[in-house]
Amino acid sequence: MHLLRKYLSSAWQALFGDPVRAFGVVSLILLLALAIAPAKEHFSQWHSFQRKYLALIHDRGDAISLRRRFEPGIHQIWLPELGVVDRCTTCHLGLKEASLADVNQQPFRKHPVVPHPVDGFGCVICHGGQGQATTVAEAHHSERAGEEPILPTRYIESGCGQCHQNSLPGTPQLNLGRSVLARYGCVHCHAITRPDGSKVEATDHPPSLAHIADKSTREWIFSWLKDPQAYAASTTMPNYKLNDSDANDISAYLVSSSKPQAGDSAAPSAKPAAAADPAAGPSLYGESFCVSCHAVQNAAGNLVGGDLGPELTRIGNKANPQWLAAWLENPRVYDATTPMPRYRFTPQQIATLVAFLQAKSDSDYGSGVHLDAASPQQITHGRKLIVELGCAACHEINGVQKPENFAPDLSTIGSKPLAQIVFLPGMEHSLSSYIVAKIRQPRAFGPSVKMPQFTLTASQTDALTTALLALTARSRAIPDKLRVAAVPDSKYQPAGHAGKLIAELACFSCHRFNGRGGDMAPDLTWEGSSVQRQWLGDFLHNPNTLRPSLIRRMPRFNLSDSDNKELTDYILTVYQSPAIDVDLASVATNSPDVVEHGKQLFYSKYACQSCHIVDTKADKGYIGPTLTQVGSRLTPAWVYAWLKNPQALRPGTAEPNQNLSDEDARALTAFLTSQKGPGGRGAKQ
Amino acid sequence: MMRRFTGSMTFGTSAILALLSFAAFAGCKRPAPANAALKATAQGTALVESSGGHQVGVTGTALKDPLVVQVNDDHGTAVPGALVEFQGSAGVSFDPAAVLTDASGQATTAVTLGAIAGRYELNAVTPGKAAPVSLAIVEVALGYQERVGAILADKYCSRCHDSESSPERVSNYDNLEVKPHPFTDGSTLNKMSDADLTSIILHGGPALNRSALMPPYGNTLSASDVKALIAYTRTVSDPPYQPPGTVYERK
């Protein structure tokens, strides 16, 4: 102790012994203190990256121009409207340098080509992370409260979805995610409001269970509830992992609450033709193009068919034959909003189809299930479970109200703070990994989680995560003018008897009219300008495909002559394009010379035969519609307008706009409208 | 919008240093070897690709199909229980990265490509009886622009330019008198400059004295669409496309 005091006092003497010495020492200390700031900057991480960048460009051919564009110091992109304060460009110095495309060393790589410049949008808006940070650790990996690490590249399209509420051609993953969100019925339970206030609508069609006992048995309901995918691999119904007694009680309530629907139990009035002709069932099923919407598993285990309607692999296990007959007669009696058309089958055809579909059954499916009559306690308990699990959020169930806000609102799930999330052990601490885990195995987050197990592929899960990550607080905070609104289907409804026919035939399920309807078949908004009366009437009676390489999907609806005429008249009168001048390209004035000239243009100058067939013997084009009888199908005015600008009439069509002169377009129209019959190169004048 | 700040930070040197050292530590962190638990019971002498090579994926995402390689012995018969390790350049990940071959001698892994668009050369390595045997596998990752090109190509081009035919999508390739070049045909397309490809797309085959069967897309596709199509073509090209070096002005 004494020794220490002695040393200290001698040190004090040595440093501050006399005023001159004290002044010198204090000056030195001050100098050192002043040097801290520049030294810190010199040793900072971003500064070392800037030095590395200068070293990297030093030997390059365009070093002078690169160095001229290099600015030392911290860079910042500040965009108040987007809420962006990004200093990423302090280290990522080559983002805008096209000549650095060959540099693979981060952080100096050139940014890949995207539609938005970094100066106008910043970085975090797509990549996440902390834009204000100036160290890698803070900017890329921060997990502190209110902060989040940068987004893995595979969810990058969520950035686009913050402003673009519409579907973009360049973001397939985001588009798929949004369609999964709507198709798997997520929004029946989780409300999602877009920034403009509109709601995300479900596109699935969960059946009403109000008359379920007409359609199926309690045993089937039990097996279905236990494992929906065991009945139909492609169903969107999730698995609630119910135990036997719960599934039994739910089936008991559903059957006891079901009210019979008139007509469902009527005995079939005709015997199936199957006994006479075993091929009648399959051929009627094929002719009716059931496969366009319904899939069936083939022997190899692959699903064949569309996904608009339910899978029919084991329909015989599920549907009661009387109900099936009533459904095929008129589906809208059982379900007023079904996308299934009313085919106008004869009783004989219905009997044949019912017999064919009933044979699609699996004797092993549900074979061990025998349920005893339900006790009142079971029925009460079943109702309680239905309320708890939220079954009525999707399905109409007698005696149970549709719950409001059954599950958490997901409108800003993309900005959920990490501090609010309970991560499972061993999980990466990021929002994206939480969402993926929650979609994959919701029940892993605790026994009280009600969310059921969905069956999604890995790419569907990633896409759904992308769509959810796009629902950020930023997307709601930015000004409206910076957002691109979603394009909802219009509420277009055709009027009158024809409107009723269009609804009954469910034309909207496949065709689009005036912004409403499906995309399986051509848009018919301008069909009236396009086709000739005779052809349309014949087509509705007996449809055939126009494109050699397309699978025909349009079914025959067995329309009566008067209904056919009604529909033809309506289409020809109402679906007219104002842009088409009917008198412009009249065929009456076409001389054989003009037709011959058009033929020359068709085969040599424009080489239309690369995609179309006019002469079935010589031409092989396999992409566009066959044109052998285009003269009796399309109106000359439509052909002319189409040749001038195909995209104007049908946006997105693959035929290029060749910028034809009026004269060439007239000659080609003359040649095409002379193609009236099957075979040959048209009328020989 | 760009603002510059120069040395205006005040205190916290030690904190910065600590963060720096943390970053350095985080950077050095290596995943533990995945094959620690795998014990090979057999060794082969050859590796062959079964499936999953030459796929075109998207940056940062898993490839559609798994990569499957097979370990064979001298007689060409499959060897079950041999260890196969998968390696790739930075950013590529394998799930799992090391695997024992199954009863049919095949090793399967799911591949996720890195964040940079382009060709990825992956390697499968098996210890082998005498020396390690390795097999190179090529996969392609498309970035945003290349994928826009791929989507456009699928809509406007591939029906003729791709001879692959399926019942849902019948190819028109065989019907054409003059055969179009597949977009992967690097030996032809690599010799054509971006400007030539642009004018063929915009003005059709006759623009470069080629077949009129190739129609002009100048009024249908935008300039950025054409750039995207060319970027896509360059990325899937086989042999790989080498961009011409930049020509710089002399001082």
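Which residue in strand 10 of chain B is the bridge partner of V58(B)? The partner is L142(B). The views below start from that pair.

This is a predicted model, in which local features need pLDDT of at least 70, side-chain atom pairs count only at pLDDT 80 or more, and totals for chains, interfaces and linings use all residues. Residues are numbered from 1 along each chain as its sequence is written, while chains are lettered from A and ligands numbered from 1 in the order in which they are written.

**View 1. Strand 10 of chain B and its partners.**
Strand 3 and strand 10 of chain B pair in the parallel sense over three bridges. Helices (H or I, at least four residues) and strands (E, at least two) are DSSP runs, numbered from the N terminus. Two strands pair if DSSP finds at least two bridges between them. Strand 9 (residues 118–126) of chain B also pairs with strand 10, here in the antiparallel sense over nine bridges. Within that pairing, E121(B) has V138(B) in strand 10 as its bridge partner. The hairpin of strands 9 and 10 of chain B has six residues between the strands. There, G128(B) takes a positive phi near 75 degrees.

**View 2. An open sheet in chain B.**
Four strands of chain B form an open sheet in the order 2-4-8-6, with antiparallel pairing. Strand 2 (46–51) and strand 6 (93–95) of chain B are the edge strands, and each pairs on one side only. From one strand to the next, the twist averages 35 degrees. Axes are lines fitted to C-alpha atoms, for helices over the stretch in contact, and angles run from 0 to 180 degrees between N-to-C directions. Strand 4 (residues 67–72) and strand 8 (residues 106–112) of chain B are joined by four bridges in the antiparallel sense. V68(B) has T108(B) of strand 8 as its bridge partner.

**View 3. The two domains of chain B.**
Chain B divides into domain 1 (38–142) and domain 2 (144–236); the bounds come from an automatic or database domain assignment. Their C-alpha centres lie 32 Å apart. Six residues from domain 1 of chain B and six residues from domain 2 of chain B make the contact. Two residues are in contact if their C-beta atoms, placed from the backbone, lie within 7 Å. On the side of domain 1 of chain B that touches domain 2 of chain B, strand 3 (56–58) and strand 10 (133–142) of chain B are the elements that give two or more residues. That side has five nonpolar residues, one polar and no charged. Ala, Val, Leu, Ile, Met, Phe, Trp, Tyr, Cys and Pro count as nonpolar, Asp, Glu, Lys and Arg as charged, and the others, Gly among them, as polar.

**View 4. Chain B against chain A.**
Here 44 residues of chain B are in contact with 52 residues of chain A. Strand 1 (2–5), helix 1 (13–28) and helix 2 (144–161) of chain B each supply at least two residues of the chain B side. Helix 2 of chain B gives the most, with eight residues. The chain B side holds 26 nonpolar, 13 polar and five charged residues.

**View 5. The largest nonpolar core.**
This core has 76 residues. A nonpolar core is a set of buried Ala, Val, Leu, Ile, Met, Phe, Trp, Tyr and Cys residues joined through C-beta atoms within 7 Å. A residue is buried if 20 or more other C-beta atoms, placed from the backbone, lie within 10 Å of its own, exposed if 12 or fewer, and partly exposed in between. V84(B), A153(B), L229(B) and Y232(B) touch the most other members. Helix 2 of chain B gives the most to this core, with eight residues. Leaving aside residues up to four places away in sequence, L229(B) touches G149(B), L152(B), A153(B) and I201(B).

**View 6. Helix 30 of chain A.**
Helix 30 (residues 636–644) of chain A is mostly covered, with eight of its nine residues buried. Among them are W638(A), Y640(A) and W642(A). The buried residues pack against helix 25 (527–530), helix 31 (646–649) and helix 32 (662–673) of chain A.

**View 7. L176(A) in helix 9.**
L176(A) lies in helix 9 (residues 172–183) of chain A. L176(A) is partly exposed, because 19 other C-beta atoms lie within 10 Å. The C-alpha atoms of L176(A) and A22(A) are separated by 75 Å.
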